[in-house]
Amino acid sequence: MAAGFKTVEPLEYYRRFLKENCRPDGRELGEFRTTTINIGSITTADGSALVKLGNTTVICGVKAEFAAPPVDSLNKGYIVPNVDLPPLCSSRFRSGPPGEEAQVASQFIADVIENSQIIQKEDLCISHGKLAWVLYCDLICLDYDGNILDACTFALLAALKNVQLPAVTINEETGLAEVNFKKKSHLNIRTHPIATSFAIFDDTLLIVDPTGEEEHLATGTLTVVMDEEGKLCCLHKPGGSGLTGAKLQDCMSRAVTRHKEINKLMDEVIESVKPK
Amino acid sequence: MPGDHRRIRGPEESQPPSLYALPGQEDDDDEGAAGARDPARLRPVYARAGLLSQAKGSAYLEAGRTKVLCAVSGPRPAEGERAGAAAAGAGGRLVCDFRRAPFSGPRRRRPGGAGAGGGTEERELALAMQEALEPAVRLGRYPRAQLEVSALLLEDGGSALAAALTAASLALADAGVEMYDVVVGCALSRGAGPDAAWLLDPTRREEERAAAGITVALLPVLNQVAGLLGSGEAGEAESWAAAVRLGLEGCQRLYPVLQQCLLRAARRRGEAAGPGPTPAAAAARTPSEADAAAAAAAAAAAGADAVARDPPEDSEA
């Protein structure tokens, strides 16, 4: 009977729950789904991470290659993110070139990398003007159940922390690079940007970590990216209903709390993976 | 990439560091030493079905380092040329898609298949998958409909097509698609030289060094070959026949693992769905909170003894 009502009037069904300050899956309005993370599972990638936020699953694989530095900044490397939403994650996506949602997510990740300075691009330079690292960060969504941006940012951060680059020297006589795979070092990760997404219902109510259905029924969404010093890296609000300044402040404080939880989780995981 | 405005731009060209490796450094030890392996050994397989929430059916298969995920959606109304023109007896269509993650191999593959190699090879494998799965699926029961099977290779540790085939048939079974039998895939490869033996379930290193390779797909219970894809140089026909026999034997050995996987997935689905329509089933399983209302309704409709058997769960949610 409840299932019938849900199909016919999904919005009313949701409103009944929101009136009681809870959601159909039993969560509070400010509660996140269970977050699990698994790092280093893809051995062909230089760094990898799999993040599950409830049902939403995103895998990030980082591959490092050599390239000539860009002409306008000879001492910088590249970080190239790419978010892929294949048909297997949800029936609404078709195979082919990236659709709108994938492009928006890719651009969002690129903005987060740029604004938070998670890695100084100068660190990726091997030889000024001649050789630099390119980090291709490929994020693939395996299961789309809402809140893709949070999962992608977290997967990217975890994968970058997992990356190990071999030592490279430039041979003086031949001018070619020489790569020593036995000596590997981690990347210098300067900040930990963590994203927190909210959905806006009926122009007033804010819920955290929306599922796919909630995103569909929401009148707007908001994503806040914070780093560990409580500094705002990025704010993504693509249209939708307006928000008062006070509500925005609430969101940011919630994001700060979330940051602490995720940071702790990630430290535990990285500690557990370290070779004893 | 010059014309691709839909992705973030990177450098025009990039090379993998393995090209510049110092001499004497074999990049990454692969599982097992180069020589001395049992030619008929199968790597231990981990299979799990029913793990994606958004797909109708899904399966994940891991064999050694090969990791493949497959999802099935549909049946959906067939689109394209077949939609209107197809006669009523034409049956359904199976659309397969095979893609490799950019980080699945030693070199990064540019997404989008813009490079001719990546695009055509994936299409060839997708076609091979479709040809192997069609004999197993009762397409006649889905007229004018199409079933979409998408396989994603997360890491290529050898025998990728075989793993994808197996995962695809598990996903189809998990989706409840009517099938005659499960399809099990197995790959073999043979090194160069007249004395080389056929190796079952090759790793990526063995496949790279191979002069010939073959993938067989078998319907284990019916004992019929569903698909065969091979190429290379391996001497006379008898050698190929021996390879096929070895492959089929490998498939038969793999079958019990897949049976267990599907049974476990069915049990998990049963537990998640809560009590069935019959009162006996309702009494046997504890209804979840969300289904307490449904359980109460079913119990009331079924009769007094059902209510007597599960009194505590009958209270309101």
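1. In this predicted model, chain A and chain B meet through 50 residues of chain A and 47 residues of chain B. The area buried between the two chains is about 4,100 Å², and carbon and sulfur atoms give 59% of that area.

2. The rule finds three salt bridges across the interface of chain A and chain B. One of them joins the side chains of A:Asp138 and B:Arg108, at 2.9 Å from N to O.

3. Which elements of chain A each supply at least two residues of the side that touches chain B? They are the strands β3 (56–67), β4 (78–84), β6 (131–143) and β8 (177–186), together with helix α3 (100–116). The most comes from β3(A), which gives eight residues. By residue class, the side of chain A that touches chain B divides into 27 nonpolar, 14 polar and nine charged.

4. In chain B, helix α3 covers residues 160–174, 15 residues in total. The distance from its first C-alpha to its last is 21 Å, close to the 21 Å expected at 1.5 Å a residue.

5. Why is α3(B) described as largely enclosed by the rest of the structure? Because 14 of its 15 residues are buried, the cut-off for buried being under 20% relative accessible area.

6. After α3(B) comes B:Gly176, which has a positive phi, near 80°.

Methods:
Residues are numbered from 1 along each chain as its sequence is written. Chains are lettered from A and ligands numbered from 1 in the order in which they are written. This is a predicted model: local features need pLDDT of at least 70, side-chain atom pairs count only at pLDDT 80 or more; totals for chains, interfaces and linings use all residues. Side-chain values use heavy atoms; hydrogens and water are left out. Contact means heavy atoms within 4.5 Å. Buried area is the accessible area (1.4 Å probe) that two parts lose on being put together, summed over both. A salt bridge is a side-chain nitrogen of Lys or Arg within 4 Å of a carboxyl oxygen of Asp or Glu. Helices (H or I, at least four residues) and strands (E, at least two) are DSSP runs, numbered from the N terminus. Ala, Val, Leu, Ile, Met, Phe, Trp, Tyr, Cys and Pro count as nonpolar, Asp, Glu, Lys and Arg as charged, and the others, Gly among them, as polar. The expected span of a helix is 1.5 Å times one less than its number of residues. Buried means under 20% relative accessible area, exposed over 50%, partly exposed in between (1.4 Å probe, protein chains only).
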